[in-house]
Amino acid sequence: MHGRDRQKYVILGAGISGLTLAWFLKKNDPECDLLILEKSSKTGGWIQTHNTFGFLFEMGPHTLRLSPPYHSACNELFDDLDLTSKLITPDQAFRSRFLAYDNKLHPLDLNPINLLNPKCFIKLTYPILKNLIKPCQLPTEDSSIKNFFEVNFGEYITKHFVDPLVMGIKGGHIEDLSFKSCFPTVHKMAQSSKPILLELLKHKKKSKAGYISFKEGLGTLTNALHKKLQDSIELKTEVLGIDNGKRPCIITTNGKIECDHIFSTLPSNALAKILESHQLNTQSFLKEQKHISYKIVHLGYNAKLDLPNAFGFVSPSWSRQKISGVIFDSKIFPQQDFHAHQTRLTAMIHQDSPLFDLSKQGFEKSFFDELNALLKIHVNPQYFEVFELNNAIPQYDIGHSESVHQFNEELKAKLPYLSFCGSSFHGLSVPMCINYAKKIASLLPKKMHESFSR
């Protein structure tokens, strides 16, 4: 039995946010009583690395982008876990990207030759020059990504650069997503009286952001956290609800658990079910937040395919391609290939793709017809597997930040013992999740809502 002078914290969810939060809570208060509840049979959430038939593949993120202000928390975590020596950086091919439309690959770059071409002046050169000398315009306090970029950079740049960037990273449509919530750093710069491109260039030079992974994949990070925290982790335990009382009480499939403070790192829709009996005014935000599902296809070839030297390609929302994008894993991290004559590819199929709901036979034929035509592949893979990632990417639609603020304010008033974080709320990327979890762990629970109300 633990003495009542020790704080008992319960964390809901053992993804990267939950594991990081647990690590820093223990680091800040080694004497605390800590329990992590996870519904599934494994930890790590979407960060899962598979070694199958001699091929290494990621189920979720492939790289981590370490940029201010998120890099500090990540580097501290890597040092704590003795992982710094295991970091690897991408090959130079990582810098190049392609767009797929009209059944062809098109380079995604701002080639100086194109900028000097008189035919490109109105659609490309002028918007860039304008934003190097004039402050940009914020159409509204929380406008769509499309609205902001079309007002400031025009339709061409928005369509050919911003749209594919957003589809590749956030999976959503630029007319729906909030510029403020999806690009918080750029939004802050846009509020300045200085030209936004100059601010971005200064930020890039100052930040020196780098992409990293591990020799054995990003699962190295979550596996290390699991190993350190395994005595505090309870798997196959679903949270059914939370009761008010002298102490907060969590109702699970394995019984009831009393504690001093609850930290939820669950997706918004899962948190909504747990809080249903509390009839919160902001409950609709949790229930209605959209999530994008994907099918992920892993392809392993025991041959060195003649692919472009690039990160991969993405299909813009307006293209008619069935494959939403392909990551050239072996081009980015050749260090992860098990032998020199190997090629690894990861393809993404968006839920809106006509491929998504096809039967296995119909899917394979249509998929390979398009993939082989785009990449000029003439051999069959030795490894081929399809996985479905349901509700993988939460969407930050217009008004997202205000909804998060209102939800936080209502919790502060009605359920002050409950804090929340995770990719549904404060940032999609792994470094963002790590950074926010560290901040939450550094505060006393009674002060958390006030400090993180926005």
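Trainee: In which helix do Glu410 and Lys414, whose side chains meet in a salt bridge, both lie?
Mentor: In this predicted model, the side chains of Glu410 and Lys414 meet in a salt bridge, with 2.7 Å from N to O. The two residues are 4 residues apart, which is about one turn of the helix. The helix that holds both of them spans residues 400–414 and is α14.

Trainee: Is Glu410 buried or exposed?
Mentor: A residue counts as buried when its relative accessible area is under 20%. Lys414, the partner of Glu410 in the salt bridge, is partly exposed, with a relative accessible area of 42%. For Glu410 the relative accessible area is 9%, and therefore Glu410 is buried.

Trainee: How many residues apart in sequence are the parts that Lys304 and Asp337 tie together?
Mentor: The side chains of Lys304 and Asp337 meet in a salt bridge, with 3.3 Å from N to O. Lys304 lies in the loop between β15 and β16, whereas Asp337 lies in the loop between α12 (329–332) and β18, so the pair ties together parts whose separation in sequence is 33 residues.

Trainee: Which of the two, Lys304 or Asp337, is buried?
Mentor: Lys304 has 48% relative accessibility and so counts as partly exposed. The relative accessible area of the other residue is 10%, which places it in the buried class, and that residue is Asp337.

Trainee: What is the distance between the closest N and O atoms of Glu258 and Arg247?
Mentor: Glu258 lies in strand β13 (residues 255–258) and Arg247 in the loop between β11 (239–243) and β12 (249–252), so the pair ties together parts that are 11 residues apart in sequence. Glu258 is partly exposed, at 44% relative accessible area, whereas Arg247, at 19%, counts as buried. The closest N and O atoms of this salt bridge are apart by 3.8 Å.

Trainee: Which strands stand at the edges of the open sheet, each with a single partner strand?
Mentor: The open sheet has 7 strands in the order β8-β7-β16-β17-β18-β15-β19, and the pairing is mixed. Each edge strand has a single partner, so one side of each is left without a neighbour in the sheet. These edge strands are β8 (104–107) and β19 (383–394).

Trainee: Which residue in β16 stands opposite Leu99?
Mentor: Strand β7 (residues 97–101) and strand β16 (residues 312–314) pair in the parallel sense, over 3 bridges. Within β16, the residue that stands opposite Leu99 is Val314.

Note on methods:
Residues numbered from 1 in each chain as written. Predicted model: local features only at pLDDT ≥ 70, side-chain atom pairs only at ≥ 80, totals over all residues. Heavy atoms only, no water. Pairing = 2+ DSSP bridges. Salt bridge = Lys/Arg side-chain N within 4 Å of Asp/Glu carboxyl O. Buried < 20%, exposed > 50% of the residue type's maximum accessible area, 1.4 Å probe, protein only.
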